[in-house]
Structures are given as C-alpha cells and as structure tokens.
Amino acid sequence: MGGMTDPRPHVTVLAGFSPAATDVVARSLLVTDPSLILITHDLAGIVDGVVRRTVRTATRVLEEDHTELVHGCVSCTLREDVVPTLVRTSRRHPGSDLVLALPPAVEPEAVAAVCAVSTCDGIAVTDAVRLDSYVTVVDATTLIDDLTSTDDLRDRGRHAAGNDRRGVAEVISRQIEFADTVVLWGTSQADVLERDHITALLHRLAPWATRVRADGSPAAGEADLAARLLRTGRHDPAVPGMAGRALEGYPIGLHDPVGDHRVNAMLFHSRRPFHPQRLHDALDDLSGEALRGRGQLWIASQPGTAVSWESAGGDLMLGNLGRWLVSLPQQRWDEASDMRRLAADATWDPYYGDRATVLSFIGFDLDVDAMTALLESCLLTDAEIAGGVDGWRTLPDPFAGYFPLEGDQEPATVTEGAAS
C-alpha cells in the first residue's frame, strides 16, 4: 500500500523512561491536531493484574477503563489490552491517527514484535493500523545518571512484574536503540557542553536514528515538533531488533575510537571463536569498562550456537540466537530470513562459514586499544585453532548449559562478579 493511499491510521509509538518528558511531548502533539488520539496505560497496578487505560484527544476523554490480567506482565498487557485498543480505536475513529505512549518499563521492540504477529477479531494488527514510527523521548537532565546507574527497575518502583529484574540502564539503552527518532527533552536546563556531551552519546547509541531537540516552546514549537514526529514513515518493519541486526547484515554501531565530547565507540570483528575460559575470565572487565555493549559472538566449545551479547549498567546478558547456518543442513536454511541468508552468503568464510563475532562498545573515554587487546587475548591461538572443532569441544567451558539449542529458555544473565 502506498503512503499517499494507505487508508490505515498512522501510529506513532512514544517510549521513554521519564513519564513527565514523554507526557509533555505527547500532549504537545495533541494540540496540533484535534483529531489525533492519544492512548496511554498506567501499570501501577500491574503486579496485582490491573492495567488502567486512557484514550483521549486534546479536548476530551474517549475511554477510561481498566483490564484485569490473569498474569500481570508486559507481554500480557500488550496482547490483551494494547493490541485490542489500537484496533478498536482505529475502527471507531477511522479518520484519526494515533499516538501510543508507553509506560517507562515497556520497551518499543516488544510492541513491534507483538504487533507484527497479533490479530484482533481475525484482523491482523498491521492490516488495521500502520506502525509509522517509534520515537523515544530522553530527559537530558537524567539521561547520563540513568545510563550509568546500577539500579534495577525494582529500585525505582518501575518493575512490570514480580520477577522483572531488568536494569534501568538496560531498559533505557534498548528504548534508544530501537527508535527511528530520538527526542532530546530538557536541554534548556543543560549548559552547552553538557548538551553536546549528550548529543554525542545518543549519536553513538543509535546512529541510525533521527535526533530532534525539543524544549517545550509553545505554539510554533509544537507545530514544528509534530511535523518532525508524525507521519514520518521512518519505521522499517524489516529491520530486526538489536540482537539480530548483525546476523542479518545490519550495522550495530560505529567504530569511532577518538570520538568527541569524551564519548567514543568501537567495533570488534573476528572470524575466530573465543576460548570459553579466557572469555569467561574477562567478562567483568569487558562489561564494566563500556557504558553499553551489544552484538553477537561464538565460543569454540559450542560452535553451533550464535550467542548474543548485551551489557549495560555493569550487568551482562548472554543469550541464544539459535544455530549458525553452517551448522544446519542446507535444506533447513529457509528457516532463516532472506536477509540473514544474503548476509551469510556475502561474507561466507570457507572454514568458519557464517560464524563471526561482531561486538559494539560505547563509553566515556573508552580505552579502545586496551579493549581490543583484551578481546583478542580471549580468541583461540593458532595452535588451538589447529586442534579443530573436535578439539574445541573439549576445552574447559564455564558456559556449558547456558545456551541450549532445543526448547525455549530464558537467556542467562551474568552480573558483575557472578561469573567468577
């Protein structure tokens, strides 16, 4: 469906960890268009299974109700309330675009994933609405403190379930990375150096995103903000989430060792696998040195498994991305996406196949040379490579059992010191 003739309402998804900043941006958008509809959810009672919902325009409340969930969690909220509300509102108000403002604990990638596969009364969500853009609002006055915090959501009273152990830095990083537009709010309260520092950080966290500065100037400022955030068509549903970007050939960051305003970044590539014990021994240093780490890797003792890396706030999560194509019979390659097969074909190595480590690290005055040397010291040596796959499997492996290839299991989370 072409952009000019697409009859579906456009949905702008607003995420952000600061409810005040997200709310101001949402209300600024409402006043520019009387038909624009804002959908918000209050998760204050989610632990008890209650989610409160408000649907409104700039001048009136269209809905104010609550949903009782069997299991109080974010995924249940998305499936049982957010998705039906989007579809229902699009039917009742076919001429109105929608703004979905997410609570602080909800990550935009989760919304995109649920909307991509969900139906409501037999209608696919993506047939009812067009997910036009994902916008993340960041508060300049708290961003750096939050990204360097070791707090969990529970420490801030923002957890979305009894077992929600996500870190504040982890959630904010994911909100920024998934966005196609990042709104920097509150820069009028920061001096020029601090503003430039934050802008440099956002550029390295999400170089693919459009950045918009907004300080709440009324009238003309609101119209300008709406023009830059609504009906932009910036969201591309074909682009995977951060964990799968490298597998499908998309960039995961910048290699900028010098950086600016004390913010720099690095990329680390290797076809060689990591030695499991040496990598394990280096985890604390690798996860603690950088503000943010992300990407994929492979471990010699588990040569069939693609492993995801995500670090923030001093915590590290290693997850299972499934099998490398080289470890699958060719008749099963159609289980992978077209982009993944194309990316594998373009970079195929006669010995390693599609197996590769691609890691991105962002930090303040990050010592890129030292980080690179540490990572390289964890790779197999020439002598170890010569041992072949059968020899690799016998290496001492502290990660044994972390990444099962059959069945669904939560990724292992390794916090600083816990892997020792």
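This is a predicted model: local features need pLDDT of at least 70, side-chain atom pairs count only at pLDDT 80 or more; totals for chains, interfaces and linings use all residues.
**Notebook: cores and salt bridges**

I started at Ile-176, which, beyond its neighbours within four places in sequence, is in contact with Thr-136, Val-138, Leu-143, Val-182, Leu-202, Leu-205 and Ala-206.

Next I looked up the cores. The largest nonpolar core has 61 residues, and Leu-100 and Ile-176 touch the most other members.

Then Thr-181. I found it in strand 9, which covers residues 181-185. Is Thr-181 buried or exposed? Its relative accessible area is 0%, so I put it down as buried. Not counting residues up to four places away in sequence, Thr-181 touches Tyr-134, Val-135, Thr-136, Ala-209, Thr-210, Val-212, Leu-229 and Arg-234. With Arg-234 there is a side-chain polar contact of 2.9 Å. I also checked Trp-208, 27 residues from Thr-181 along the chain: their C-alpha atoms are separated by 8.7 Å.

On to the charged pairs. My search of the whole structure gave 27 salt bridges.

Arg-92 sits in helix 2 and Glu-63 in strand 4 (residues 61-68), so the bridge ties together parts 29 residues apart in sequence. Arg-92 is exposed, at 54% relative accessible area, while Glu-63 counts as buried at 12%.

Asp-146 and Arg-156: their side chains meet in a salt bridge of 3.1 Å, N to O. Asp-146 belongs to helix 5 (residues 143-147) and Arg-156 to the loop between helix 5 and helix 6 (168-178), so the pair ties together parts that are 10 residues apart in sequence. I have Asp-146 as buried at 10% and Arg-156 as partly exposed at 32%.

Asp-256 and Arg-204: here the closest N and O atoms are 2.6 Å apart, again in a salt bridge. This pair links distant parts of the chain, with Asp-256 in strand 11 (residues 256-260) and Arg-204 in helix 7 (residues 192-205), 52 residues apart. Arg-204 is buried, with a relative accessible area of 3%.

Last entry: which residues are linked in a network of salt bridges? I listed Glu-107, Asp-164, Arg-166, Glu-170, Arg-174, Glu-177, Arg-292, Arg-294 and Glu-310.

Methods:
Residues are numbered from 1 along each chain as its sequence is written. Side-chain values use heavy atoms; hydrogens and water are left out. Helices (H or I, at least four residues) and strands (E, at least two) are DSSP runs, numbered from the N terminus. Buried means under 20% relative accessible area, exposed over 50%, partly exposed in between (1.4 Å probe, protein chains only). Contact means heavy atoms within 4.5 Å. A polar contact is a pair of N or O atoms within 3.5 Å; within protein, one must be able to donate a hydrogen and the other to accept it, and residues adjacent in sequence count only if both atoms are side-chain atoms. A nonpolar core is a set of buried Ala, Val, Leu, Ile, Met, Phe, Trp, Tyr and Cys residues joined through side-chain atoms within 4.5 Å. A salt bridge is a side-chain nitrogen of Lys or Arg within 4 Å of a carboxyl oxygen of Asp or Glu.
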